[in-house]
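Trainee: Could you walk me through reading a structure like this one? I would like to learn what to look at and in what order.

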Amino acid sequence: MIKSILARFVIPSKLILNRLKSRLDLSLENPELLVAQCAALSRMIPILYLLLLADAWMLVFAFAGRAPAYLTTHIALLLSALCIVRFVMWLRMQRVQITAERARRELKRTAVLTIILSISFISWALALFPYGDAAGHASVFVFITIAMIGSMIFLWPLRAAAIGETICSVPIFMGYFVVNGHPSFIALTLNVSVVALALLVVVMAQNRQFVHLVTAQIKARDREARIHQLAHYDTLTGLANRNTFREKMAASLDDSDGHLALLFLDLDGFKIVNDTKGHHFGDLVLKQVAHRMRQVCNEPGIVIGRVGGDEFTILLPKRGVDEASAVALRLIDTLAETYRLDDDRWVRIGASVGIAVAPLQGKDVETLLTCADLALYTAKAAGKGVFKVFEPQMETCVQERIRIEAELRDALDAEDGLFVFYQDIVDVRTGEITTREALVRWHHPKRGWISPGEFISVAEESGLIDRLGLFVLSRACRHATEWRDGARVAVNVSAAQLGKGTLASDVLATLVDTGLSPRRLEIEVTETVLLNNEQDTLDDLRQLQAMGVRVALDDFGTGYSSLSHLRAFTFDKIKIDRSFVRHAVDRPDCAAIVRVVAALGERLGIATVAEGVETQAQLDRVRREGCHEIQGYLFSRPMPSEHDAPIVAALNASTRRRAA
Ligand code: C2E
Ligand code: MG
Ligand code: MG
């Protein structure tokens, strides 16, 4: 009940008060207008006080000796003191930068004080009126008219004061003469009041124009700022755009005597997020990336730029290699943390960084950017998630990779020089070959055999991996149909081939085309694939399993190994990375990992394979730890298919001849 009554009265009265405040220009809704009003008043009000003082003392002289001293000098002194204090205050205000809140307080105070002062001055003058002769009366009349009209003119920037002053002065002024019955003065008062009201209309119009002008100026400035922002900063992240970054870098090179560090950062796996989750989520991730970068690089003087879709540059003035490396490490760690897209979706991406420092590696913007870019390229090629500092030989490495990309494309177009080798995977107990892993090989016309370690990453970066993957898959499936022992074939699939929703249909088409049973195909993926857009990757893998294709987790234990991956997806096989197998004999920690993974496989009903078994001791150890299958040079090296064997032998012979 009470609440409803309160709501009925309090809320409307609040609304009315707020509306009144804004009508009287005293609300904080337009803070810049308040400051502008204050500035305009600080130029006008001191003149008003001088006018009032002069006017008041003229009146004192007119009534000196006629009226009692307390009415003339004493009150005049009191009012003058007040005027002088305010006069000084406003003069001071001209010299300082005031805030909107302070302006609002001053304007409010001025409006109230104007009303008090005008009532005081008019009452004082009217109190003197009975003591005067005709000239004295005229002086009172002139005093009040000047005070009233003067106040109105000088108070035009503040509507509240001008209106308040008129509303209070006119009735007192007119009321006095009406009550005291001075017909000639009543007529004069009426005349002055009409002039005052007309003047008020003019003052209001001028005030409106002032408000209009200030608002237009604010809008124009905001628009200019917006245009500046759009032209110089990236709209999505608010970071400096390419041009601004270059300008700031050039300025920094001048300011810091050419001493600075430049970081070139590229996100790993962002493209997949953007392609599979959509641009909306891609943008969300980029915003979070920018936010995290700002948090890491929060020292004054540091400039962060977005120079491409997922490319960023960071300028560290007056820093060297060590500081830049520390920042790069922090950025890589921070950006590798999970990004939340919504309540039940998250992604993980990474970052690689290239570093160049001035003046060591260059003295101008262009050279430094090129060096940092080359270092970034090398970091990406080194396996991503790392940083590299520029070294002169990087230039040749990059050129080499570009050449490899072009030549690999040619090899794929002509299907020339590319082979699939097979390495046996053997059952520990029976010695039977259960699977053969398909491993791609490339015989380069000039350089001979190039290891997949060298060209797979080039294929992944250039997008050639899809074509290369299909080539290996179809060759492997075709060759497997010719194996008399019915062993499975295991085909490696890169992270870049997953999460796009195309792998399962490619595999199905190949199986149909070659006539290989899905049960004889195994797809090997590494843990890294589970880091990017996990859900889409898992969907691809589930589709494969639904077709009857087995899915193996390759190189387990390296990189981002996490047992959570084993919960996220039911793999058919875990392949323990050869780095653990190699040291399983001489290092207890490696032996422990082999043991734990083998035991886990046993419990979950997943086959475990020890990779890279080269010696009898290693074989004994992994067998003892409980691994089901083994792969390694001890049993077999990767070999060409029966069909390719003579061609490979001929290629090897020609390479040997050339070498001799
Ligand atoms: P991976 O899938 O772990 O393949 C096993 C690698 O270990 C092969 O190297 C194989 O030759 C090597 N290996 C096998 N037994 C031993 C051993 O006893 N000792 C030593 N030191 N090494 C052994 P490779 O053929 O050079 O392949 C390297 C990596 O390249 C593969 O690792 C795989 O990740 C990738 N790769 C190979 N072929 C393909 C392919 O067709 N597609 C994709 N996406 N990746 C491939
Ligand atoms: Mg493999
Ligand atoms: Mg492996």
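This is a predicted model: local features need pLDDT of at least 70, side-chain atom pairs count only at pLDDT 80 or more; totals for chains, interfaces and linings use all residues.

Trainee: On to the metals, then. Which residues coordinate the magnesium ion (ligand 2)?

Mentor: Glu437 (OE), Asn492 (OD1), Glu524 (OE) and Asp554 (OD) do, at 2.0 to 2.2 Å. Along the sequence these donors follow the spacing E-x54-N-x31-E-x29-D. Glutamate 437 belongs to strand 9 and aspartate 554 to strand 13, so this pair ties together parts that are 117 residues apart in sequence.

Trainee: Are glutamate 437 and aspartate 554 buried or exposed?

Mentor: The cut-off to keep in mind is that buried means under 20% relative accessible area. Glutamate 437 is at 4%, so it counts as buried. Aspartate 554 counts as buried too, because its value is 5%.

Trainee: Which protein donors does the magnesium ion (ligand 3) have?

Mentor: Its protein donors are Asp554 (OD), Asp555 (OD) and Glu611 (OE), lying 1.9 to 2.3 Å away. Their spacing along the chain is D-D-x55-E. Here, too, distant parts of the chain are linked: aspartate 555 sits in strand 13 and glutamate 611 in the loop between strand 15 (607-610) and helix 21 (616-625), 56 residues apart. Glutamate 611 is buried at 8% relative accessible area, whereas aspartate 555 is partly exposed at 23%.

Trainee: How far apart are the two magnesium ions, and which residue coordinates both?

Mentor: They are 3.8 Å apart, and aspartate 554 coordinates both. As for geometry, ideal angles are 109.5 degrees for four tetrahedral donors and 90 or 180 degrees for six octahedral ones. Water is not among the atoms, so sites may look incomplete.

Trainee: Now ligand 1. Which residues come nearest to it?

Mentor: Among the 21 residues around ligand 1, the nearest are Arg441, Asp554, Arg578, Glu614 and Tyr633. For polar contacts, look at N and O atom pairs. A polar side-chain atom of aspartate 554 is 2.8 Å from an oxygen atom of ligand 1, and one of glutamate 437 is also 2.8 Å from a ligand 1 oxygen. Glutamine 423 places a polar side-chain atom 2.9 Å from a nitrogen atom of ligand 1. The protein covers 84% of the 790 Å² of accessible area that ligand 1 has on its own.

Trainee: What makes up the shell around ligand 1, by class?

Mentor: By class, the shell has eight nonpolar, five polar and eight charged residues. Strand 9 gives the largest share, four residues.

Trainee: What should I look for in the backbone?

Mentor: Most residues other than glycine have a negative phi, and most peptide bonds are trans. In this model, the peptide bond from alanine 358 to proline 359 is cis, with omega near 5°. Proline 359 is in the loop between strand 6 (350-358) and helix 12 (365-381). Lysine 318, although not a glycine, has a positive phi of about 55°; this residue is in the loop between strand 3 (311-317) and helix 11 (321-335). Glutamate 415 is not a glycine but has a positive phi of about 50°.

Trainee: Is lysine 318 buried or exposed?

Mentor: Lysine 318 counts as exposed, at 55% relative accessibility. Glutamate 415 is partly exposed, at 49%.

Note on methods
Residues are numbered from 1 along each chain as its sequence is written. Chains are lettered from A and ligands numbered from 1 in the order in which they are written. Side-chain values use heavy atoms; hydrogens and water are left out. A residue is near a molecule or strand if one of its heavy atoms lies within 4 Å of it. A polar contact is a pair of N or O atoms within 3.5 Å; within protein, one must be able to donate a hydrogen and the other to accept it, and residues adjacent in sequence count only if both atoms are side-chain atoms. Accessible areas come from the Shrake-Rupley method with a 1.4 Å probe; for residues, only the protein chains shown count as cover. Helices (H or I, at least four residues) and strands (E, at least two) are DSSP runs, numbered from the N terminus. Ala, Val, Leu, Ile, Met, Phe, Trp, Tyr, Cys and Pro count as nonpolar, Asp, Glu, Lys and Arg as charged, and the others, Gly among them, as polar. Donors are N, O and S atoms within 2.8 Å of the metal (3.2 Å for Na, K and Ca); water is not among the atoms, so sites may look incomplete. Buried means under 20% relative accessible area, exposed over 50%, partly exposed in between (1.4 Å probe, protein chains only).
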